[in-house]
Amino acid sequence: MYPLAYRVVYEVFKVKYIQLMLIIFSANCFAQSTPSEMAEMSLQELFFEDIYEVGATSPWTLAFKFKAVEFKGYLDGTQPVSNDEVLWDGPMGVEPRTAQNFPVVPTVITQNATVLSLGYKLSSQWQWSISVPYINQETDHISSVPGYSNFKIKTSGIGDVTAVGLYSWYSSNEGVWGFSFGVSLPTGSIDEEGDTPRPTEDDKEPLPYTMQLGSGTYDFPFAINYQYGGVHDISIGLSARIRTGTNDRDYRLGNNYGLNSRYQFDLSPKLQPFIGLEFEYSEKIHGQDDSLIIVGLPVSPYPASITNPKLFGGKKIHLKLGLLWRLAKDHRLTVEIGAPLYKKLNGPQPKENWQTTINISSVL
Amino acid sequence: MLRLFSQPLKALFRKLFVGIFCLLLCLSINAEDSLSKEDKLKMAYIWHFIGFINWRDLGSVKRPYEIRVCIDGPNNFLAFFRQLVGSRQAGDLEKSVVVLQLNTARKCELIYVRYTNKKTALKLIDVQSLGGSTVIVADTSSIYFPDASIIFYIENKKLRFEVNLKKIDSLNVDISSELLKLARIK
């Protein structure tokens, strides 16, 4: 079904995950402060020492993140729309074709990304990191096309590699400003193909925007963040992903902008639960991949909502709950779950149901 | 319910399972060294307290004299402190430090109380027949120990300590001004 190389990479990646976990946690076994190290510290050094295990022993950091998101059901603006309303029953049916219904309807979209990041701390204020994502996507469909009443499409592979620089500025004893900027390289494929209801000789047709693995353009992520380190651990941040140019398929994904806040508190020296709110605004797709349209369709040339570039983007507010577990000196595990509290989408558009993230980081 | 076993969740649980398995494997290896950094810092502070406190009674006895540190805490706490003591000499070379479990000790120059409540504290004071030179260090101000001379507290994620000067003055000990400079004085 997929090229052999993809399957080999996927299988190797699964094995590497287990090996990586063992490396991270076995390193943890030897990462504690020793009695002699503590005895060597002067009284003044103790006075300024944080009670948490911070302060990297090496400038290198390895992080492993797994993120899963599920989209199910439809929204047009803020109004829910049923799958039946989005599905056009075809030229022989009773329902008239409009710009809001389609012969093919994705019902459940699941995306998960496994991201491996390597960071290097240049100084107490500067650090950089490079992240390589491996993406798995799957979409269930219903359609009015004979022989394709239910079908599934999957894609997987390396996504866009991102390099980011981070500058920390300690404005006072109680707050830290963080500025980050980077570049996302178009390493992810935008030429993914699969068996869709469109008739072709080899059953391999270009897949919609949501099933591609990369943006195909050079993108620039920016963020600014302030963390108040006083009695209450509160942080707020602004972020943006600016996309440039047009890719080889004549489109550019929309820019994303975010405003986030988080409150974290100490359950114990090692466990910090947190709660966060995140506002996200994303634009529609600019341009269009003409290979996704069917000119002969009545009213609208788009066979599915996810092939129409105007039915992307919108506004969302997410609630996120999570737990930071400081496993040991230089080792952290973060688990986070999130769900949208408010959504206003350019629709009809598949709506996000939930997302979850697991992040493990370790100083090498 | 069936959605619980959808593909992305299966993959998530599989990865989570592997991660937790590896973590547990490590924790089982690392079980003895499960103290938090806060605890380790407390022990390092106690170690310095010994160097900055002079027990007047002991100054007249044969040197090097013995400082008995009695800990009201778990075994791994005690073991870590013993290793810390074993790796360094406190203050001048005239003091040698012996670390004891509080419930088995009979006389102590310094007591560190961690879990004691009011009832056991009073019993402990009776059993120990605390003399005029026993310095009591309390883990937090929430611990009821009326005779505590030094109390640890947390401020802005840093470990600090408060010295009850009135109590110290009533003891047969001298405390260095170097130590008092860093303390909150009560």
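Helix α2(B) is mostly covered, since 14 of its 16 residues are buried; buried means under 20% relative accessible area, exposed over 50%, and partly exposed in between (1.4 Å probe, protein chains only). Helices (H or I, at least four residues) and strands (E, at least two) are DSSP runs, numbered from the N terminus. The helix comprises residues 37-52 of chain B, and at 1.5 Å a residue its 16 residues should span 22 Å, which agrees with the 22 Å between its end C-alpha atoms. The expected span is 1.5 Å times one less than the number of residues in the helix.

This is a predicted model, in which local features need pLDDT of at least 70, side-chain atom pairs count only at pLDDT 80 or more, and totals for chains, interfaces and linings use all residues. Residues are numbered from 1 along each chain as its sequence is written, chains are lettered from A and ligands numbered from 1 in the order in which they are written, and side-chain values use heavy atoms, with hydrogens and water left out.

**The sheet of chain B**

Seven strands of chain B form an open sheet with mixed pairing, in the order β3-β2-β4-β5-β6-β7-β9. Its edge strands are β3 (95-101) and β9 (184-185), each of which pairs on one side only. Two strands pair if DSSP finds at least two bridges between them.

Seven bridges join β3(B) to β2(B), and the two strands run parallel. Here B:Leu100 stands opposite B:Cys70.

Strand β2(B), residues 65-72, also pairs with β4(B) in the parallel sense, over four bridges. On this side, the bridge partner of B:Cys70 is B:Ile111. Strand β4(B) covers residues 110-113; B:Leu110 and B:Tyr112 point one way, B:Ile111 and B:Val113 point the other way, and all are buried.

Beyond β4(B) comes β5(B), residues 135-138, which runs parallel to β4(B) and is joined to it by four bridges. B:Ile111 stands opposite B:Ile136 in this strand. Strand β5(B) in turn pairs with β6(B), residues 150-155, in the parallel sense over two bridges. In that pairing, B:Ala138 stands opposite B:Ile151.

**Salt bridges**

Side chains of opposite charge can pair when their charged atoms come close. A salt bridge is a side-chain nitrogen of Lys or Arg within 4 Å of a carboxyl oxygen of Asp or Glu. A search of the whole structure finds 17 salt bridges over all chains.

| Salt bridge | N to O distance |
|---|---|
| B:Arg56 and B:Asp174 | 2.9 Å |
| B:Arg68 and B:Glu109 | 3.1 Å |
| B:Lys181 and B:Glu178 | 3.2 Å |

The salt bridge of B:Arg56 with B:Asp174 links distant parts of the chain: B:Arg56 lies in helix α3 (residues 56-59) and B:Asp174 in strand β8 (residues 173-175), 118 residues apart. B:Arg56 is partly exposed at 41% relative accessibility, and B:Asp174 is partly exposed at 34%.

In the salt bridge between B:Arg68 and B:Glu109, B:Arg68 lies in strand β2 of chain B and B:Glu109 in the loop between β3 and β4, so the pair ties together parts that are 41 residues apart in sequence. B:Arg68 is partly exposed, with a relative accessible area of 24%, whereas B:Glu109 is buried at 3%.

B:Lys181 and B:Glu178 both lie in helix α7 (residues 177-182) of chain B, three residues apart, which is about one turn of the helix. B:Lys181 is exposed at 62% relative accessibility, while B:Glu178 is partly exposed at 35%. In chain A, salt bridges that share partners join A:Glu138, A:Asp140, A:Lys152 and A:Lys154 into one network.

**A polar contact in chain A**

A:Lys316 is placed in strand β16 (residues 314-328) of chain A. This lysine is buried, with a relative accessible area of 13%. The side chain of A:Lys316 makes a polar contact with the side chain of A:Glu352 at 3.2 Å. A polar contact is a pair of N or O atoms within 3.5 Å; within protein, one must be able to donate a hydrogen and the other to accept it, and residues adjacent in sequence count only if both atoms are side-chain atoms.
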